[in-house]
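Welcome, and please take a look at the model below. The notes that follow walk through its overall build, then its sheet and hairpins, and then its helix packing.

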Amino acid sequence: MSCILNIETSTDVCSVAVSENGACIFKEDDHSGPNHAVKLGVFVDEALSFTDNHAIPFDAVAVSSGPGSYTGLRIGTSMAKGVCYARDLKLIAVPTLELLCVPVLLRHELPDEALLCPMIDARRMEVYAAIYDRALKTVRPTMADVVEADTYLQYLDEHPVYFFGNGAAKCMETINHPNAHLIEGIEPLAKYMFPLAEKRFLQEQFEDVAYFVPNYLKDFVALKPKKLL
């Protein structure tokens, strides 16, 4: 299998985890942020020391690729690239919205026909969201949404849709549909990255360390539906 250093800095939470053979063997989280510039280096150093002390060689570094905070993603990506260069490791990008789905699928029982709608806050009534099924197949790609009563109506009329992430709670009164469900307390954390990172590792979906750039929030403006512009 593989040993992967996982780095997540897309929101105010800073987290690092190490996964080996499908299990999380080390994790550190800081929820008092945004403190990425202060905490991330400490967490990564602790993770590297842990694996070195246990003679566990790394195979890759996985980093959350956004959408998310410009500053947070930039710090996380810089750190991930630095470790890749220093240790000659592969780089894996994990989409933040897909990552948000992992704790929902692990901790909640959902009906077979359920759809998942992770949301990243973009101020006011704007969010960056995607829609997935329970197998994490993309039903609708990431877009910048101005949330109105009918924004997700075509999905809500056919399926129970579960909304979560730091942009979800503010939208529920506006969405106001019997098939709309809010799941609170869901954050993108490095300890949940490893199923997605290991899948990409086995499929050899690696990024070019020199040229990889995360998907900042502003990169999705062009994906807004025309009626929202």
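## Overall build

The protein has six helices and ten strands, where helices (H or I, at least four residues) and strands (E, at least two) are DSSP runs, numbered from the N terminus. Its radius of gyration is 18 Å, close to the 17 Å that the globule rule gives for 229 residues, so the protein is as compact as a globular protein of that length. That radius is taken over C-alpha atoms, and the globule rule is 2.2 Å times the number of residues to the power 0.38.

A word on the source: this is a predicted model, in which local features need pLDDT of at least 70 and side-chain atom pairs count only at pLDDT 80 or more, while totals for chains, interfaces and linings use all residues. Residues are numbered from 1 along each chain as its sequence is written, and side-chain values use heavy atoms, with hydrogens and water left out.

Along the principal axes, the C-alpha atoms fill a box of roughly 55 × 35 × 30 Å. Of the 229 residues, 51% are buried, meaning under 20% relative accessible area, with exposed over 50% and partly exposed in between (1.4 Å probe, protein chains only). Take the contacts (heavy atoms within 4.5 Å) between residues at least 6 apart in sequence: 65% of them join residues at least 24 apart.

Five strands form an open sheet in the order 3-2-1-4-5, with mixed pairing; two strands pair if DSSP finds at least two bridges between them. Strand 3 (23–30) and strand 5 (90–94) are the edge strands, each pairing on one side only. On average, neighbouring strands of this sheet are turned by 15° against each other, direction ignored. Angles here run from 0 to 180 degrees between N-to-C directions, and axes are lines fitted to C-alpha atoms, for helices over the stretch in contact.

## Paired strands

| Pair | Bridges | Direction |
|---|---|---|
| Strand 4 (residues 60–64) and strand 5 | five bridges | parallel |
| Strand 6 (residues 115–121) and strand 7 | five bridges | antiparallel |
| Strand 7 and strand 8 (residues 138–146) | six bridges | antiparallel |

Strand 7 (residues 126–133) is mostly covered, with six of its eight residues buried. V127 of strand 7 has D121 opposite it, and V127 also stands opposite D145 in strand 8.

Both hairpins have a residue worth a look. Four residues lie between strand 6 and strand 7, and in that hairpin R123 takes a positive phi near 75°. The hairpin of strand 7 and strand 8 also has four residues between the strands, and there L136 takes a positive phi near 60°.

Helix 3 (residues 96–107) packs with helix 6 (residues 194–202) at an angle of about 125°, their axes 9 Å apart. The two are therefore oblique to each other: angles under 35 degrees count as roughly parallel, over 145 as roughly antiparallel, 65 to 115 as roughly perpendicular and the rest as oblique. E98, L99 and V102 of helix 3 meet P195, L196 and R200 of helix 6 in this contact.

Finally, helix 6 lies across strand 1 (3–8), strand 2 (14–20), strand 3, strand 4 and strand 5, and runs at about 130° to strand 5.
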